[in-house]
Amino acid sequence: MSVISTTDRPLRRGAGVSATGLILIVVLGIFFLNLAALILGVVLNSFATSWFATPVPAGLTTRWYEYAGELFQLLRVLQTTFVIGAAVVFMSLLIGAPAAYALARRQFPGKRLLMLLFLLPLLVAPITYGLPLATALYQFDLAGTMAGVILANLVPSIPFVIVLLTPFIEQIDENLERAARMCGASTLRVFVKVLIPLMVPGLLAAGLLVLIRVLAMFELTFLTAGPGEQTLVVALYYTVFAAGIRPSQAIDAMAVIYMLTAFIPLVVALRFVDPTQIVARIKQENVR
Amino acid sequence: MAEHARSLRERLADRGIDRVLWLLFPAAALLGLLFVYPFVYGLGLSLQPNEGAPVIGNYVRFFASDFERSTIWKTLALAIPAAAINVGLSIPVAYKLRGPVRFKRLITTLLVMPATLGTVLVAEGLIRYFGPIGWFNQVLMTLGLVDAPLRLTHNYVGVLASLIITGFPLSLLLILGHASGIDPDLERAAATLGAEPRERFRRVVLPLMMPGITIAAVLAFVAAFSVFPSAVMVGNPAGETRVISIAAYQAAFERFDYPMASAIAMIMAAVQFAIVGFVFVIRGRLYRGTTSGAKG
């Protein structure tokens, strides 16, 4: 496989092009090239007067954005999306962070079973539990309401927050809490004055990642929302599904707005977290 | 009495049970209500077929109908190759990127983007890009590689492509996140003992990457298993990409046969658990050991 000879310094990487380096460039190159073309196609079409079987559109216009805004009630959909997103982020942090704290600090009988309960929603495709969940929500007249959509989105979000925050809290020195207690702080004060300030970076990162997930979560919202609770991604699905009667440029204008909506929290999130560290804490390398 | 109560509390505290555990209650209760209860309710509902039919009537009906039963294979025919491709491509790339590499931050940032696009947007983009008059076919025709446009949308290929676009970055990030945590000293030690690069990869790094690869494979499979929007939009939802989630959706929202829909959801869960369990068993046989570093 690798063509680095043993006379090379054994673990040097990045200099010269080895076989694995070539694979890296080819795989990532093809992937990003196609992805960029795919996105650019949508963006360009949203500004096109008409575009048929030519490399570029015949002319450019912005009127599809006005058109999409009116036709798809975009403002209302955006508003719904953010209300649902904010509620899910707030509630999943409020419920998930204390649970993560308990899991990080305590060993107790039945912990593995509880961990399984918290991991299962992440290990099963949303549509699997979304369908019984939607049926159960209908039973309680919660389907087709804002509360129902928020509750459904909490199912993967709370475990996600727990999985992200548990290792983060483990890193916080427990002696800080002990010291605060020694100085006479009550449990509540320890939380408010010591723990929460230390957890802010983790809470922000988890919150933003939950927001991104909610924005992209199609299945659960689709199954539980009525016409009044559609988030952007669900509204987009319905407009594409009902395509043919609507100009494709207007649909793509909506797609571009969705893309921007999802990108803004992503860009903010990336200022706080290194995406590769989402999964595992990385040992600091000292390669020299 | 008071002394007895205190000693009980102390004894519980010795085993790690104290008031802190109440913090787990809201999360456990909510997931119990919103995840476990619906599953049990759905299971119960699935066992209440139309009058006169046996208890497992819905399941019998599903497996008796070729149209319905085939959705399992159609789903697996998409989900397994998609997961295999995503993980298979991720391993060499993660291997290469695991150390300090230039532009690593930029590459990982670019990789997170498709995950936020979501399946709906990717499907919409694919219809245009991969379509008969899209750029992809235009380039192929201009280069003279094909005479007529390839049919890449509204069939199996389109759905598989959308699963790779949304799934590959996620697999790579999971494997990379895990591989970056592997202690580089272990590979150095192997090199000191005279192992060739190829041998180092096969005997040292790859086994250490296995836990990350397993998790990534499971999550890639699960994500691909729930293909719904892309199977409808870039697939052929009446034919070759009529996946099991479409069957469940149609039962629930087109025929309003909730017991049947619940039965299909239970079958979906069973198939996922079977595959996920199989992956974990295989991994357990291949490798047992610590995940990161030999010494603490």
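I start with a crossing in chain A: H3(A) and H6(A) cross in a right-handed sense. This is a predicted model, so please take every value as computed from it. H3 of chain A covers residues 74-105 and H6 of chain A covers residues 146-171. Their axes come within 6 Å of each other, and the crossing angle is roughly 40°. Angles under 35 degrees would count as roughly parallel and 65 to 115 as roughly perpendicular, so H3(A) and H6(A) are oblique to each other. By class, the residues in the contact of H3(A) with H6(A) are 21 nonpolar, 5 polar and 1 charged.

Next, the contact between the chains. Chain A puts in 86 residues and chain B puts in 88. Which helix gives the most to the chain B side? That is H5 of chain B, residues 104-129, with 17 residues. Split by class, the side of chain B that touches chain A has 58 nonpolar, 20 polar and 10 charged residues.

Last, confidence. For the model as a whole, ipTM is 0.83 and pTM is 0.84. Chain B has a mean pLDDT of 85, with 94% of its residues at 70 or more. Among the elements of chain B, the highest mean pLDDT is 93, for H2 of chain B, residues 25-46. The lowest is 69, for H1 of chain B, residues 2-14. There is also a stretch of chain B, residues 290-296, where the pLDDT is below 50. Leaving aside near neighbours in sequence, that stretch has 7 contacts in the model.

Note on methods. Residues are numbered from 1 along each chain as its sequence is written. Chains are lettered from A and ligands numbered from 1 in the order in which they are written. This is a predicted model: local features need pLDDT of at least 70, side-chain atom pairs count only at pLDDT 80 or more; totals for chains, interfaces and linings use all residues. Axes are lines fitted to C-alpha atoms, for helices over the stretch in contact, and angles run from 0 to 180 degrees between N-to-C directions. Helices (H or I, at least four residues) and strands (E, at least two) are DSSP runs, numbered from the N terminus. Angles under 35 degrees count as roughly parallel, over 145 as roughly antiparallel, 65 to 115 as roughly perpendicular and the rest as oblique. A crossing is left-handed if the near helix is turned anticlockwise from the far one by less than a right angle, and right-handed if clockwise. Ala, Val, Leu, Ile, Met, Phe, Trp, Tyr, Cys and Pro count as nonpolar, Asp, Glu, Lys and Arg as charged, and the others, Gly among them, as polar. Two residues are in contact if their C-beta atoms, placed from the backbone, lie within 7 Å. pLDDT is the predictor's confidence in each residue, from 0 to 100.
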